[in-house]
Amino acid sequence: MAKRRCFIKQMFAAGAGLTINATARPVSAAPVKTTQPAPDGFFTLGKQDDHWWLIAPDGRPFFTVGINHIDPATLRYPENIDLWRDKYDGSTIRWIQESVTPNLHDWGFNSVGWVQEVTVRKWQHSRSFTIDEYRALDMPYCHLLPFTESHQWEKHTVHYDFRSDDWKEWCDYVARAHCGELAEERNLIGYFYSDCPTWIHSRPDNQWRGSIFDPGRLESEAGRKELTELATLYYQTTHDAIRRYDKHHLIFGDRYEANAPIAKQVIDAALSYVDVLSFQDFRDPVTHLPEYHRQTGKPVLLADAARMRWQTAPGEFTHNEGQWYAATLQQLFQSPGCIGFHLCGAYQRNRARRYGLLDEQEIPDSKNVPLIRQANHRIAQQMNQRFPPVQQ
């Protein structure tokens with residue numbers, strides 16, 4: 001446990017994959033007010049020369065370079081389950097320790113953005129990691145809290161009634177179950193909520209349920225006021241539930257779809273109850289994220305993005321474009337309001353997502369993994385130049 005609590009002193013304190021032999025140093029960026037009642041010793045936020053940074057538990061600035069979607073079920077198809085059994089003895093803990101963490105280090109990632117993975121297209125994602133699996137990972141990570149299931153890609157679940165007593169009771173249960181367990185974990189960066197919630201938009205597969213709030217009602221002052229009240233209730237309820245059980249960790253809130261309509265009333269309601277505005281953006285994050293930072297003054301996180309060939313049929317596979325990733329990562333790193341980029345992996349390809357940095361036999365993408373590794377190490381070098389580690 002002592003090792004876990006001082007993990008940051010020996011690796012990835014500032015960069016994205018370069019192991020450095022550093023000791024704790026004074027904070028290099030001025031701390032800022034967050035929603036955290038007790039941030040000391042945990043990830044928080046800071047600014048230096050009008051540039052936002054995450055601040056790691058040892059006080060050093062940290063730019064999160066993460067990967068999303070890590071699911072061991074990819075190694076349990078009939079065609080490769082012998083690899084799972086023979087190499088990892090059927091143990092997710094061993095797989096994390098012997099495959100996931102070493103590969104992420106080698107590829108230059110310094111965090112895990114979100115582990116849950118596509119299982120069947122338009123269905124719910126896989127389960128999250130347990131606390132023991134996160135501890136086996138031994139890297140900074142973020143965790144998603146299932147306060148609501150209004151994901152734009154999910155077609156089965158009705159909207160929750162945010163005004164109801166049972167939803168408020170559900171929020172308390174979610175926070176008690178998740179935050180109550182993770183509250184003292186130093187590797188946890190912070191919490192997400194819904195992935196691409198359909199506040200005022202929907203998709204063809206979930207048109208039957210419509211959006212959370214009818215966008216047509218925003219044409220009237222009464223409708224705009226009602227959405228403000230509803231969104232404020234949502235963000236206050238979720239915030240308060242977390243803070244009953246966890247005083248330490250950051251709140252990243254909903255992961256908005258940057259290429260769908262986002263109501264100003266929703267963003268404005270969130271500002272007092274989240275620490276960072278988080279976005280999915282597969283089109284133009286270099287334009288969209290800085291604009292939201294300028295409009296709100298909040299730090300922003302690219303929580304999910306990649307470039308690949310979207311239209312694939314069952315049995316077809318595509319690749320994560322390393323050149324696009326490298327260019328986007330570098331530009332966001334230079335953006336004063338951006339605190340990180342989490343690549344829409346996946347870690348390992350499955351037959352639903354149809355792309356990943358490893359295939360089903362654990363063979364890396366020989367073209368794109370080197371480009372991703374080079375890009376990540378470049379950010380690490382730039383962070384170490386900007387915030388030099390103290391050598392022992």
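**Close-up views of a predicted model**

View 1. In β12, D304 is the bridge partner of Q280. The model is predicted: local features require pLDDT of at least 70, side-chain atom pairs count only at pLDDT 80 or more, and totals for chains, interfaces and linings use all residues. Residues are numbered from 1 along each chain as its sequence is written, and side-chain values use heavy atoms, with hydrogens and water left out. Strand β11 (residues 277-280) pairs with β12 in the parallel sense over four bridges; pairing requires at least two DSSP bridges between two strands. Helices (H or I, at least four residues) and strands (E, at least two) are DSSP runs, numbered from the N terminus. From β11 the chain passes through helix α8 (residues 285-296) to β12 in a right-handed β-α-β crossover, that is, a clockwise path from the first strand over the helix to the second when the strands point away from the viewer. β12 also pairs with β13 in the parallel sense, over three bridges, and A305 stands opposite L343 in β13. The β-α-β crossover from β12 through α9 to β13 is right-handed. Six of the six residues of β12 (residues 300-305) are buried, so the strand is largely enclosed by the rest of the structure; buried means under 20% relative accessible area, exposed over 50%, and partly exposed in between (1.4 Å probe, protein chains only).

**View 2. T318 in the loop between β12 and α9**. T318 is buried, with a relative accessible area of 8%. A polar atom of its side chain lies 3.2 Å from the backbone nitrogen of R309. Neighbours within four places in sequence aside, T318 is in contact (heavy atoms within 4.5 Å) with M308, R309, T312, R354 and Y355.

**View 3. Helix α10 and its packing.** Helix α10 (residues 368-386) has 19 residues and reaches 27 Å from its first C-alpha to its last, close to the 27 Å expected at 1.5 Å a residue; the expected span is 1.5 Å times one less than the number of residues. Its buried residues include V369, I372, H377 and M383. The buried residues of α10 pack against elements including β4 (51-55), α3 (92-107) and α9 (322-333).

**View 4. The nonpolar cores.** A nonpolar core is a set of buried Ala, Val, Leu, Ile, Met, Phe, Trp, Tyr and Cys residues joined through side-chain atoms within 4.5 Å. The largest has 90 residues, and I70, W95 and Y325 are among those with the most contacts inside it. Helix α6 (residues 221-245) supplies the largest share of this core, seven residues. A second, separate core of 18 residues includes F62, W114, I189 and V276.

Definitions and conventions
Polar contact = N/O pair within 3.5 Å; in protein donor to acceptor, adjacent residues only side chain to side chain.
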